[in-house]
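Subject: Handover of a structure

Dear colleague,

Please find the structure below, together with its sequence. My notes on what was found in it follow directly after.

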Amino acid sequence: MEELQGRWHDLDRLLLRPGNLVGPGFEPCAELRDLLQNDCKVLVIGAGGLGCELLKDLALSGFGNIDVIDMDTIDVSNLNRQFLFRIHDVGKPKAQVAADRIMQRVKGVMVTAHFCRIEEKDVDFYRQFQIIMLGLDSLEARSYINSVVCSFLEYEPDGGLDYSTIKPMVDGGTEGFKGHARVILPGVTPCFQCTLWLFPPQITFPLCTLAETPRSPAHCIEYVHLIQWGQDRVGEKFDSDSPEHMKWIFEQAVKRATQFCISGVTYSLTQGVVKNIIPAIASTNAIVSAVCALEALKIATMCSKGMDNYMMYVGTQGVYTHTVSYEKDPNCIMCSPGVPIEVDCSCTLQECIDTLLNDQRFKAKLSRPSVSFQGTNLYMQAPPILEELTRPNLRLSLLSLMGGNPSGGVLNINDKKLHGVLRVRVSFSKEMDTT
Amino acid sequence: MAQRNNKYDRQLRIWGDHGQAALEHASVCLLNCGPTGSEALKNLVLGGIGSFTIVDPSRVEAADLGNNFLVSWENLGQSKARSVCALLQELNESVGAKFVEESPEALLDSNPSFFASFTLVIATQMPEKALIKLDETCRQQRVMLLVARSYGLAGLVRICIQEHDVIESKPDNPVDDLRLHKPWPELKRFVDQFDIDAKDQLEHQHIPFAIILVKVAEEWKAAHGGRLPSGSKERAEFKAAVRARKQSDDEDNYKEALASAYKVWAPPTISSELHSVLDDSAVEIHSTSTDFWILVAALKMFMANDADGDLPLDGAIPDMHSYTDYYIRLQKVYQDRAEANVSAVEANVKSILRKIARDSLSISRSTIKQFCKNARNLRVLRYRTLADEFSPLAAFKIQRLLAVEESSNVEIYILLRAVDQFAATYNRYPGIFDRELEQDVLRLKAICINLLNDIGVNGASISEDLISEFCRFGAAEIHCVASVIGGIASQEAIKEPSYTMQLNRHHQFCSCRCIFVLIWQSLCVSIFGALYTNILFKTPEVYAHIMLEHSGCFNVNLILLFTYVLTYVHPYTALCSITGSYACVYNIEVYIKGGRDDQVSTYHGIHPIVNGNCRFLQREACPRKSCSEHLVLRFFEVYHPPTV
């Protein structure tokens, strides 16, 4: 398509002119616009409140090749902020409608929609993008993408990071008048796993309180939701999107509340408690998404220095932001060059695998690990032929399998429970076993 | 109605039906509909304002298609106001949409009364001179004005309004007002019905912690001549007295009692902000006083005559491990007391209204109740006029900002004003033409120096890099920057939805008080709002005092404030930084040396705390001795929220 003369007039000020406050290696030139238009593929995960804004912001920042993935369909309650959707779109896939609206309004941008769960795409799908933007509302989804992106990382034997394997992620999140934007350069800045403690703990109620001593409307609702449903509607799976199901929960919760002289159970509160609804408004999503998209522009072009690395926005009392440079966890199981473990130098490969399986840090992450060292398979769980071939190694000394270097090295662990490779940095205990 | 409620469900959960109703009554006037204005209005239209009118004389040009989502290619060459208006209307059919193809400046000259019919005027991308006049006009007509400006990678939002009264400030971490230290007779009688030494084990572990603490506190007072525990030794003794009543280690109500024991000796205090509202001259009621100030006057009477200086009880109690019946009855005792307090305030309101010959029923009980419930967090914000801000009167503040400010925010503020002066002088913005770029840097620098001289700031200079950067921007309106600035402007607008001529409804959230400026460069994005202006002009002593008043409540802003002072006001302590976020610091208490707690140990910087969700890293010790006088702090008694 022929470009309209002067359309990128404003953006060009940043792309075509040199500056003293730009990112490393910034070279002002017209090719930067081509890069954005044609070469830099961006993935937007989530086409909700943040996703809609991100798509618009990226398209109007010159990005011409965008993919968007979302498993949801449009609901009426999205319309107060997800501005790409109209009332007649209710029920349609978010990703598709969002992609169509953006392409309709912003000429020359190609938005490809994926109406599916993020887990349905394989690792190679994610590998094709230069930047991944996250507009998600759950820790689980973030963790999944994090593990995929960290699995791309490759380290030199000396622990040095291969910078070409970094897949930058920009993450946004909002709740009411508050939000955050962060830039994750895996291996350089902390990944989600490094800063898991940033996520607030989920509020849950003790079951005995729900069952025996309810004191609040929420206690009554959760009782019906978690306990009474299973007793009264045996075999039926509760579906929070079913109006009939929700109405039943509400009515039973009112009954229970009345019985305990508790007031305040409403339909809206019932929905809020059962679906764990997070309040959301247009302005906060707009602010956070725009900060994220601008970071993407800076990562792609270096036209200004990037954010380091986590910004919080608090709009509840006045307007406040603070940017913190978080530090990564040097022993992170996702992004570090290797999680340290210490084994005895007489340890066999089998014993080492047992150690891994019993290690709290890897709990629920490993079931049948395969082990390799510097490209050589030490033990493979599958296929059967390889398993048989590598089985004798299990009884051999790990130290000798790792080339006899007493200072140890990094083992790569694969497991079907892992989304990528787990790097384990083995060190051998001091006392040499002379027998 | 059902569809409306569904559509707005996610925001009704924040501001409720009355907030939404106020929003639906708002009529907004947007001046200039570039991306900054269009984005601001977009967010308001989605939220469901009543109506809007766009004022913009320009046509859709090629550059608009590269930075504004609310124009389309079909509109090229047509009225921009019409295009934006039509595309905004698509977003929400229930919003009234109008446009005027005229220049805001011309309209301001020819028909200033045009603005009187709006709730709110949002002025975007307008120069200083026109804004001063607009501010004057809007103040005369009691219309709120929001100024929003995007300029390259920088921007600014400014609120102009005579007075903003906040009733529902919705604090992040509401304080429990339990009056454990001085129970009223009904609470005492209720507590007396319980035997906290009950032999029945189940009974013993289901007595709410508030009852335990009131009992132990009453016993303590009886044994100590009516005094509450003071000093670390006595407080430890008090806790031991609570602990002694435990019958086993896993009694949840006792765990809660110990975690909340401090509430006995550190009940919530009246903040300096509330004091200043109560002492405001507007509290002298006369025939033109607004409902808000009548309510404040009635509150003041209540505190002096009926409540021994205390605020009305809000009636809310936190969840406590307890039998349902005990909890519900305890809740009722608190609620009854709150209702009685509302009645007392209501009687004062009526007597004031009669005194000024107004209908004594003109302020409803529900309004009074709402007011009493939120009394602890009342705020009044008054905004300086733009004329004052641009006069030498404000020079000393700018001077101080330049002196202490580590980051470049004040310089950006100066530069945003300098580019307007540049435009007034040269009839164009700096950096518009590539060939004059270098020359413009020198011109802009000269203007900055003049500007600083004019407002009486001596010896300050603006970074050359920033001056070049502003020339590089060439007045560009970058979409993402516009979206942030427009987003903040719309968020501020929503905090003021009910500002009406009758002034009988009040606002829900605290707005930002003053200017904030932001830029994306170096390592951070910085936006400065109310906290910035509140704190920056105050000395550390005053600051410590503010902190002290807040101690005892779990206030996120407190932590933010502290980070702020450590980082900016005391550059020597800049190495201390809090690695925590709003999501996880809510369970930290902050105390200052010399405060109520006389046993504060001294830490330079921030004491490292590692617990579940919070992690503070200790960095360098403070090299400057004197700062220990005011800024020594500690985090202690990490509050563990009840766990499952």
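Across the interface of chain A and chain B, the rule finds five salt bridges. Please bear in mind throughout that this is a predicted model. A salt bridge joins Glu53(A) to Lys42(B), whose side chains meet at 2.4 Å, N to O.

The interface between the chains

How many residues does each chain bring to the contact? Chain A gives 99 residues and chain B gives 109 residues. The size of an interface is often stated as the accessible area that is lost when the parts come together. Between chain A and chain B, the buried area is about 8,600 Å². Carbon and sulfur atoms give 60% of that area. On the side of chain A, Arg105(A), Trp197(A) and Arg215(A) supply 10% of the area that the chain buries against chain B, which is more than any other three residues.

Helix α8 of chain A and its two partners

Helix α8 of chain A covers residues 217-232, and helix α9 of chain A covers residues 243-259. Their axes come within 9 Å and cross at roughly 110°. An angle from 65 to 115 degrees counts as roughly perpendicular, so α8(A) is roughly perpendicular to α9(A). The crossing of α8(A) past α9(A) is right-handed. From α8(A), the residues in the contact are Cys220(A), Ile221(A), Tyr223(A), Val224(A), His225(A), Gln228(A), Trp229(A) and Asp232(A). From α9(A), they are His245(A), Trp248(A), Ile249(A), Gln252(A), Ala253(A), Arg256(A) and Ala257(A). By class, the residues of this contact between α8(A) and α9(A) are nine nonpolar, four polar and two charged.

The contact of α8(A) with α10(A) has six nonpolar residues, two polar ones and one charged one.

A helix pair in chain B

In chain B, helix α3 (residues 35-47) and helix α23 (residues 479-494) have axes that come within 7 Å and cross at roughly 45°. That angle makes α3(B) oblique to α23(B). The crossing of α3(B) and α23(B) is right-handed. Among the residues of α3(B) in this contact are Pro35(B), Glu39(B) and Leu44(B), and α23(B) contributes residues including His479(B), Ile485(B) and Ile494(B). The contact of α3(B) with α23(B) divides into eight nonpolar, seven polar and one charged residues.

Backbone details in chain A

Most residues other than glycine have a negative phi, and most peptide bonds are trans. Which peptide bonds of chain A deserve a look for this reason? One of them runs from Asp308(A) to Asn309(A) and is cis, with omega near -15°. Asn309(A) is in the loop between α11 (282-301) and β7 (310-314) of chain A. The peptide bond from Ala382(A) to Pro383(A) is also cis, with omega near -5°. Pro383(A) sits in the loop between β11 (376-379) and α13 (384-390) of chain A. Finally, Asn276(A) is a residue other than glycine with a positive phi, near 50°. Asn276(A) belongs to the loop between α10 and α11 of chain A.

Yours sincerely,
A colleague

Definitions and conventions. Residues are numbered from 1 along each chain as its sequence is written. Chains are lettered from A and ligands numbered from 1 in the order in which they are written. This is a predicted model: local features need pLDDT of at least 70, side-chain atom pairs count only at pLDDT 80 or more; totals for chains, interfaces and linings use all residues. Side-chain values use heavy atoms; hydrogens and water are left out. Axes are lines fitted to C-alpha atoms, for helices over the stretch in contact, and angles run from 0 to 180 degrees between N-to-C directions. Helices (H or I, at least four residues) and strands (E, at least two) are DSSP runs, numbered from the N terminus. Angles under 35 degrees count as roughly parallel, over 145 as roughly antiparallel, 65 to 115 as roughly perpendicular and the rest as oblique. A crossing is left-handed if the near helix is turned anticlockwise from the far one by less than a right angle, and right-handed if clockwise. Contact means heavy atoms within 4.5 Å. Ala, Val, Leu, Ile, Met, Phe, Trp, Tyr, Cys and Pro count as nonpolar, Asp, Glu, Lys and Arg as charged, and the others, Gly among them, as polar. Buried area is the accessible area (1.4 Å probe) that two parts lose on being put together, summed over both. A salt bridge is a side-chain nitrogen of Lys or Arg within 4 Å of a carboxyl oxygen of Asp or Glu.
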